[in-house]
Each structure stands twice: as C-alpha cells, then as structure tokens.
Amino acid sequence: MKKRFTSVLSALILASLSFNVVQAHAKSDNFSAEQLSQVKEIKEQALESDLAWDLVESLTTQVGPRMPGTPGDEAGVAWAVAKFKAMGFDKVWTEPATFPKWIRYSESASVVSPSSQELHITALGNSISTPKAGIEAQVIEFENLAELESAADNAAKGKIVFINYRMDRDRDGNGYGPAVKARSRGAVVAAQKGAVGYVMRSVSTATHRFAHTGGSHYEEGVTKIVSSAISNADADQLHRLVALGKPVTININVQAKSMGEGTSYNVIGEFTGSEFPKEHVLIGGHLDSWDLGTGALDDGAGIAITMAAAKFATLKGQPKRSIRVVLFAAEEFGLWGAKAYAKANEKTLSNIVAAAESDFGADKIWAFESNVHASSLPLVNEIAAMLKPLNVEYIANNAARNGPDLIPLRPFKVPAFALSQDGTDYFDYHHTADDTLDKVDPAKLRHNVASYAIFAYMAANAKTRIIGK
C-alpha cells in the first residue's frame, strides 16, 4: 500500500511539473507553447546534423585559402553563392567591397651571428619588400610596444627592432588586444626610432614553430620598413641569444607587393519573413582568410555555423522576420567588406532586430551577451533560458563583443549580441599554416549551430522586435 501511494504521489508530482512547464510556456509574452516546443526540436536536430561540417569541409577542401584579391577569394565568393542557392535561401546576392590589395611572394629569415640558424618567419600584411638579398642588421630587443615608444630617439638606429611580448591565454581571448598593438604599429614606431627592419614575437599562445601573420599599418611621413613576425619558439631562441650579451645579427628577406585597389564581394543569403520581411536577424562571419592555412577556424567555421543555423531556424516554416546571413569580404585586411556593407545598407540598418557574428573558431559557446534597450530584456531573457540547457550562460546586457565585422554597425544602435566561444586554444592556430580542417571538432561545431539556430529563430519569431540602445 505504501509503495502504491508513493507511485501515485510521484505521478501527481510529475503531472504538476508538466502542467507548470505548459503554464510557463503559455505565460510567455513572446512565444506560444508550440513555438517553444519547436525551439527544442530545432536544437535537437541541429545537434544531430553535420551540415556545418559538410560546409566547412567543402570550403577548405575545394577552395582552400581565400586571401582578398587572390583566385582563392574569387572561388570562395562563387562557392558561397552556389551553397546559399543549394540550401534553399529565398534570396542570394552579392555587394562589392574594395580594399588595398597586397600579395605575399616569399619570406625567410636566419640568424647570421653569433651562430647560423634558421628562423621561422612570416611577413605581416601590407609589409613592404626587402631588397632581393634581404636586410642584415643587429637586433635590439624590447619587451613590448610601450617600451619601444618610450625609448630615446634613434635608440634603434641602423638596427632591426625585435618586440618579444608574450600573449596571455584566456578563453575569452582578452590577451589579443594588448598583443596586437605591436603587430599593428610596431613597424611605424621602430622606424621612428631609426630601425631598418621590424620583427616581433607572433601574436600567439602556441608553442609550435609556426609564425602568425596578420594586418599591419604604415603612417604617412614615416619611413616604411619591413614588418614581420617569428614563431614563439624562434622568439624564445632569439631572446636567449640576445641575453648572452653579444651582438646578434639576423637577415630578413621578404618579397611582397602592394597592388593598388582590389575588389571582392560580400555574399548574402536570406530567408524572407512572412509578417515583417523588412525586419531581419543578421548573422554571419567573414569569407576571406589569410593565405598560410585554409582558414578553417578563421573563419570557415563561422560562416558554416551561421549558414547552417539559418537553415535550421527555418525548418519549421517561414519565420515572421527575415533571417539574413552575411559573409563579409576582406575582413583580414581591415573590415573592408563590413564597412562597404554598412555604407550600402545605411538606410535599412534600422531594420536589424538582432545581430551576431561567429568569428572566434569552433569551440563550444559558453556565454551569451546582449546590448539592447531595457524594454527588450524580457525577450533576451527568454532566449537565454533556451540556451541554458546547452550550458550557455547569460552574462550581462552591456557592450557585447559581437564580432569585428559588426563594428561599423555600432553607430546605428543595432541590437547587438555575442555568442562567445571558448577561445582558450584559438590563438594557437590563428593566422598560421596550422589553421586547417583537422582543428575543427564536429561535435563542438554542432553545438555552435544549435546555439545560433535558437538565437536566430527566437529573435525572428518573437511577438515583439528587439530594440537596440
């Protein structure tokens, strides 16, 4: 009898819990119980699908590297248009973006004295060439850019400046900002101090012997000198040689060329909304990559995630608002596609109800952030609640880091979101020859797709639209 009573009581408790779940769904100000059920179905289907994997595998295998202005970039644009159409997007189009074209031909470096040994080096984007025989000079080491900036005028006269800044590792990538300063402006400051060349420790958390490339810049009125980076292992070796207290001479040979203005294309695919077609959710990544690897993590995974997420978000039918996927051009050379998109679509940017970019690899998403008007927080909280079973935690409503290609949209108060991936290992591979498909975990990729699909579906189908601030 006691056992039977316990069974009945358990059944009543389960029934009560089920009733409460239904009631909670019914009380939603933005979604019906059926829609919330669909969210769960979309999540489960996305977690079982390898659509994103198939996309990134196809891109990195059939196209490969996609540096702006190269045949690979052109092939990438054609690939994206074809894939959008094959996936059934209602609208597919391109928009041009111009950028300063730069080509890498060759690069090498070595220690000349006190001993002869090779250095693994890469030219930084936009670097000038050295003479055909390279440049050969004594190294002067600085711990970071600030130390170089505070050095005396002509402190590096006739020498090659070496900045040996070590990037910190963290899952949110917070070490990148301090480290990248030396990549962006190092050659300029070195030239101002009289240097004939510039080399830096790679912006990297890796221990492998790959050099990491990335964008660098010159300033008008400052002599241009070669701008380069060496692997962390070689930076350690160069540091040890300098620490011996004897002059260290190296040779750097870079052959590269700036080739005027180039043109590429943002590629855009859209599932059109049924009730508010002009209003749209914007997700995406950047289609281009550096030339050293195949751009699997940066940003092949990001475009595969968002393309697949849009497809899953529309499996239950046409969304109320449109879902637009933008694959931005020439991001690596300075957000040129993003700036062109903002300019070309300035009059309709107010129609964006939510925007997020996937451009931080392919590890699992761990955090969700927003930057919206307070009136939209109840809806944001509902989205966060549906992401929580995927172990995605809602952090705060603040200045969400929503991806570099969305920076030009910020002045227009677009509702911004960040679905933050774990970037603990991201900068081991970032901008290297080691950024290849084998670094992408299919299970983690599916987790990303499920998270983005939930976000896109709920932002597109809510009764009320999200408002930016």
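Hi everyone, let's start with Lys388: its relative accessibility is 46%, so it counts as partly exposed. Keep in mind that this is a predicted model. Lys388 forms a salt bridge with Glu393, and their closest N and O atoms sit 3.0 Å apart. Glu393 is partly exposed as well, with a relative accessible area of 39%.

Some background before the next pair. Side chains of opposite charge can pair when their charged atoms come close. Here the cut-off is a Lys or Arg side-chain nitrogen within 4 Å of an Asp or Glu carboxyl oxygen, and by this rule the count comes to 21 salt bridges.

Now, which residue does Lys316 pair with? The partner is Glu41, and the closest N and O atoms are 2.4 Å apart. As for accessibility, Lys316 is partly exposed at 32% relative accessible area, and Glu41 is partly exposed at 34%.

Next up is Asp363, which forms a salt bridge with Lys444 at 3.4 Å between the closest N and O atoms. This pair, too, links distant parts of the chain: Asp363 is in the loop between β11 (352-357) and β12 (365-371), Lys444 is in helix α12 (residues 442-461), and the two are 81 residues apart. Lys444 has a relative accessible area of 28%, which makes it partly exposed.

One last thing to look at on your screens: Lys91, Glu270 and Arg324 are linked in a network of salt bridges.

Definitions and conventions
Residues numbered from 1 in each chain as written. Predicted model: local features only at pLDDT ≥ 70, side-chain atom pairs only at ≥ 80, totals over all residues. Heavy atoms only, no water. Buried < 20%, exposed > 50% of the residue type's maximum accessible area, 1.4 Å probe, protein only. Helix = DSSP H or I, 4+ residues; strand = E, 2+ residues; numbered from the N terminus.
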